[in-house]
2 protein chains.
Amino acid sequence: MTEATGAGVPEELTVAVLGGTGPQGRGLARRFAAAGVRVVLGSRDAGRAGATAADLAAATGGDVTGDDNRGAARAGDVVVVAVPWDGHGELLAGLREELAGKVVVDCVNPLGFDKQGAFALPVEEGSAAQQAAALLPDSRVVAAFHHVSAVVLEDPEVAEVDTDIMVLGDDREATDLVQALASAVPGMRGVYAGRLRNAHQVEALTANLISVNRRYKAHAGLRVTDV
Amino acid sequence: MTEATGAGVPEELTVAVLGGTGPQGRGLARRFAAAGVRVVLGSRDAGRAGATAADLAAATGGDVTGDDNRGAARAGDVVVVAVPWDGHGELLAGLREELAGKVVVDCVNPLGFDKQGAFALPVEEGSAAQQAAALLPDSRVVAAFHHVSAVVLEDPEVAEVDTDIMVLGDDREATDLVQALASAVPGMRGVYAGRLRNAHQVEALTANLISVNRRYKAHAGLRVTDV
């Protein structure tokens with residue numbers, strides 16, 4: 001397995017996680033903080049973000065603080081969007097100014113659920129990441145972290161997160177940085193996996209991994225072979 | 001890594017490969033034959049199918065014969081559809097009777113290509129596999145073998161094909177059989193990955209693997225972790 005990352009994570013980098021009190025956001029924040037990356041959790045409720053941040057700082061020994069989503073967006077150099085699909089567009093449309101010039105990492109999976117499990121929802125712009133790019137023309141939008149299980153991320157017994165992270169985007173510097181961020185987490189590896197126009201299927205594939213999880217009682221991830 | 005397969009491949013099973021003289025079909029046929037599975041190659045041109053079959057039989061020591069697509073469809077218990085997307089619907093519509101009651105394995109990726117690489121084409125039925133299911137109401141349609149590189153399949157130096165095969169379908173017995181067929185090939189493993197309604201993103205993900213291959217000069221495959 002070769003190093004699929006670009007350079008490492010700059011020491012002074014601050015990563016904001018919007019939706020940082022939900023399982024996915026909280027789990028990613030935990031892993032970034034444990035890897036020595038400075039993290040600002042964002043949430044609709046700044047108090048709740050602060051409480052979760054304090055828990056994560058205590059659990060990881062890392063530098064984690066909390067704020068409302070706007071404050072977190074302002075504080076982050078890289079801003080991870082880990083909010084539910086419902087509300088995704090509205091939140092981002094209101095943060096265009098705060099997110100201008102920044103690397104915005106969309107990890108939202110537009111999925112529906114019924115008795116037969118999960119399925120991909122149609123998205124007018126093609127994908128959640130393309131919606132973000134349309135709403136944030138001054139930001140550098142990257143799609144990543146769709147497939148990693150929140151249960152695994154949040155499990156303190158899991159020392160290495162056994163999955164590759166598919167990183168998509170049209171800005172090479174931005175995708176390199178997000179690959180490095182992913183690869184900073186023990187076990188994880190950021191792998192470039194195409195342009196933003198090919199984000200839909202990466203988001204939608206989460207529905208398949210949910211099917212895998214049901215069938216095999218697993219928390220499935222993906223590894224890209226021959227890379 | 002647990003055994004994700006169902007039971008093994010029945011000894012008397014015949015696998016037909018439509019489009020068996022193209023790289024993907026020929027590569028899959030080679031691996032099935034080498035694994036001891038009886039194979040009938042189908043092609044528009046029966047003579048060409050026969051010649052390719054003779055080559056594969058000599059190369060693998062397996063039981064490989066050739067016929068036109070109709071004759072192969074008639075001969076197979078499991079019929080793998082490895083034709084180009086352009087012509088997929090027309091071919092299947094003409095084989096409804098021959099394919100009735102059979103397990104039809106669609107491995108077609110509806111992709112377009114331009115200067116920026118590959119991208120997913122829209123499919124009215126949702127996916128190539130769902131188009132097959134719509135055209136073949138009397139068959140048991142399974143989607144599988146989308147991501148495995150033809151170059152790897154055809155390379156006699158490659159002893160083990162390092163990839164999992166995502167197997168999708170709504171008929172448990174059929175998906176179990178196709179998982180077993182995939183797992184009969186050294187290195188490969190069939191993993192159940194959802195219902196046919198979630199086939200689009202699995203087909204479309206091939207565009208991302210093409211991006212991976214370009215960036216890393218690789219022949220990428222996928223492994224599902226924790227299964």
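A polar contact is a pair of N or O atoms within 3.5 Å; within protein, one must be able to donate a hydrogen and the other to accept it, and residues adjacent in sequence count only if both atoms are side-chain atoms. Between chain B and chain A there are 25 residue pairs in polar contact, both at pLDDT 80 or more.

This is a predicted model, where local features need pLDDT of at least 70, side-chain atom pairs count only at pLDDT 80 or more, and totals for chains, interfaces and linings use all residues. Residues are numbered from 1 along each chain as its sequence is written, chains are lettered from A in the order in which they are written, and side-chain values use heavy atoms, leaving out hydrogens and water.

Here is the interface in brief.

| Feature of chain B and chain A | Value |
|---|---|
| Residues in contact (heavy atoms within 4.5 Å) | 42 from chain B, 42 from chain A |
| Buried area (accessible area, 1.4 Å probe, lost on being put together, summed over both) | about 3,400 Å² |
| Salt bridges (side-chain nitrogen of Lys or Arg within 4 Å of a carboxyl oxygen of Asp or Glu) | two |

Carbon and sulfur atoms give 51% of that buried area. On the chain B side, B:R197, B:R215 and B:Y216 supply 19% of the area buried against chain A, more than any other three residues.

As for charges, B:D114 forms a salt bridge with A:R197, with the closest N and O atoms 2.9 Å apart.

The strands meet too: β11 (residues 221-225) of chain A runs antiparallel to β11(B), and five bridges join them. Strands here are DSSP runs (E, at least two residues), numbered from the N terminus.

Technical notes: Buried area = accessible area lost by both parts, 1.4 Å probe. Pairing = 2+ DSSP bridges. Helix = DSSP H or I, 4+ residues; strand = E, 2+ residues; numbered from the N terminus.
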